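Subject: Structure handover

Hello,

Here is the structure for you to take over. Please open it first, then read the notes below.

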Amino acid sequence: VIIGVGNRSVVSAASYEARQYGVNSAMASSRAQKLCPNGIFLPVDMRYYRAMSHRIFEEVFSRITDRIEQVSVDECYMDVSGALLRWGSPRAIGAWIREQVVSRYNVTCSVGIAASTNAKPNGMLMIPVARHAQFVQMMPLRGIPGIGPSLEKRLNAWGVNSVADLARMSLESLEQATGSAISARWLYQAARGLDGRPVVPYTQEKSIGAERTFDADTQDMRQVCSMLRWCCDDVATSLRRRGFLARKVMVKLRFPDLSYATKGHTLGCPTDAASVLYPQCANLRLSMMGMAPESAHAISLTRPVRLAGMSASGLVLAEEAVIQPSLDDLLEENEVEQRAEISGGSAQSQTHSARLRGAEAALDAVRRKYGNNIASFGV
């Protein structure tokens, strides 16, 4: 079974049977069809996945403990220390969870007691505390959650190709290799099977993003801009609905060979408005393509683009944020006050940015009543 349908889509997930044919997540679905022509290809259905995930968490996991930190639709960390008096051992808890999930929902579940990934697929593995260091030092670098391709490459350049190699490095060397004292301390402890972080039942969202694949690869600047404009509108709407402001923006472009590039920027002031996000994204897009700002009105990009998207991060609660007016806002407010003094009226006019944000908030209300596609953000 392979999740991902269409010539322009990528594989979201593949069963272990399909993986034997060389099919992997993030692979182009067209390539997956060539590798596994008899595979059963199904479309993504996130609404169904989330609904089933919610049921499993509520009906099974929550009967063990309320100390649950969900990290994805199908994965979590559970602190079961408070449940051991009732259950006797973590092994008994793991066995009950697996039995309940398969009997109630007809899907398998992997449980790791200090080692979740290595219990896949459909297994249970418990690592005694005294063997944590020995266990992790048998693993490849990517076996440690948080080590991605970029960090792995930096460590490889220092002759570190496994967790065992990592464990032989001093804190000072790790700090030189990573360029960060915090990362060095984390890697030093992880290589020894140490992790003192508590399970956090609720983790505030770190970013909100949107992206879409074009029907055909394009070098048309207008198409890419239109897609980024849609993404900014979608993300800004989500920010306002969830009560967040964003301090950072990042643009992502994927190319025909499935490689991609990202570039981010820290905003001068946190925002939840597409009218602020989009100009920033448009500038980042030019920079990513090696084009100067004066090329903004060019029609053709220097390289075909397969997918375009953006994300907003550095999220803060809108009700707690202190927003510093920009220089343009201050100058505009001053002009309004001066005109009011001359005319003898009151200075009640909003700044241009405030009016735009108000228009977007009104657009939210229209969409809630008549549907998301009834109106769109314009530039």
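Start on the surface. Arg-168 is exposed, because its relative accessible area is 62% and exposed means over 50% (buried is under 20%, partly exposed is in between; 1.4 Å probe, protein chains only). Arg-168 forms a salt bridge with Asp-165, with the closest N and O atoms 2.5 Å apart. A salt bridge here is a side-chain nitrogen of Lys or Arg within 4 Å of a carboxyl oxygen of Asp or Glu.

Two points on the source. This is a predicted model, so local features need pLDDT of at least 70 and side-chain atom pairs count only at pLDDT 80 or more, while totals for chains, interfaces and linings use all residues. Residues are numbered from 1 along each chain as its sequence is written, and side-chain values use heavy atoms, with hydrogens and water left out.

The overall picture

The protein chain has 14 helices and 12 strands. These are DSSP runs, numbered from the N terminus: helices are H or I with at least four residues, strands are E with at least two. The chain has 379 residues, and 34% of them count as buried. Take the contacts with a separation of 6 or more: residues 24 or more positions apart account for 57% of them. Contact means heavy atoms within 4.5 Å. The chain exposes about 22,800 Å², and carbon and sulfur atoms supply 52% of that. Accessible areas come from the Shrake-Rupley method with a 1.4 Å probe; for residues, only the protein chains shown count as cover.

Salt bridges

How many salt bridges does a search of the whole structure find? The search finds 11. Arg-367 and Asp-233 make one of them, at 2.4 Å from N to O. Arg-367 lies in helix α14 (residues 352-370) and Asp-233 in helix α11, so this pair ties together parts 134 residues apart in sequence. Arg-367 counts as buried at 9% relative accessibility. Asp-233 is also buried, at 6%.

Glu-360 and Arg-240 form another salt bridge, with the closest N and O atoms 2.9 Å apart. Again helix α14 holds the Glu and helix α11 the Arg, so the pair ties together parts 120 residues apart in sequence. Both Glu-360 and Arg-240 are buried.

The cores

The largest nonpolar core has 35 residues. A nonpolar core is a set of buried Ala, Val, Leu, Ile, Met, Phe, Trp, Tyr and Cys residues joined through side-chain atoms within 4.5 Å. Those with the most contacts inside this core are Val-224, Val-235, Leu-239, Leu-253, Leu-277, Val-305 and Met-310. Five elements are listed as giving two or more residues: β8 (207-220), α11 (221-242), β9 (244-254), α12 (274-288) and β11 (300-313). Which element gives the most? That is α11, with 10 residues.

Met-310 touches several residues beyond four places away in sequence, including Ile-208, Cys-231, Val-235, Val-251 and Leu-277. A second, separate core has 19 residues, among them Leu-151, Ala-184, Ala-190 and Ala-191.

Thr-178 contacts two of those residues, Leu-151 and Ala-184, and also Arg-154, Ser-183 and Leu-187, leaving aside neighbours within four places. Thr-178 is in helix α9 (residues 171-178). Thr-178 counts as buried, at 9% relative accessibility. The Thr-178 side chain reaches the backbone oxygen of Leu-174 at 2.9 Å and that of Ser-180 at 3.1 Å.

Other places to look

Ser-53 sits in helix α3 (residues 46-59). Ser-53 is buried, at 8% relative accessibility. Outside four places in sequence, Ser-53 is in contact with Gln-70 and Val-73.

Leu-317 is in strand β12 (residues 316-317). Leu-317 is partly exposed, at 27%. The C-alpha atoms of Leu-317 and Phe-244 are separated by 4.6 Å, although the two are 73 residues apart along the chain.

Ser-300 belongs to strand β11. Ser-300 is partly exposed, with a relative accessible area of 43%. Its C-alpha atom is 8.9 Å from that of Thr-218, which is 82 residues away along the chain.

Best wishes

Technical notes:
A polar contact is a pair of N or O atoms within 3.5 Å; within protein, one must be able to donate a hydrogen and the other to accept it, and residues adjacent in sequence count only if both atoms are side-chain atoms.
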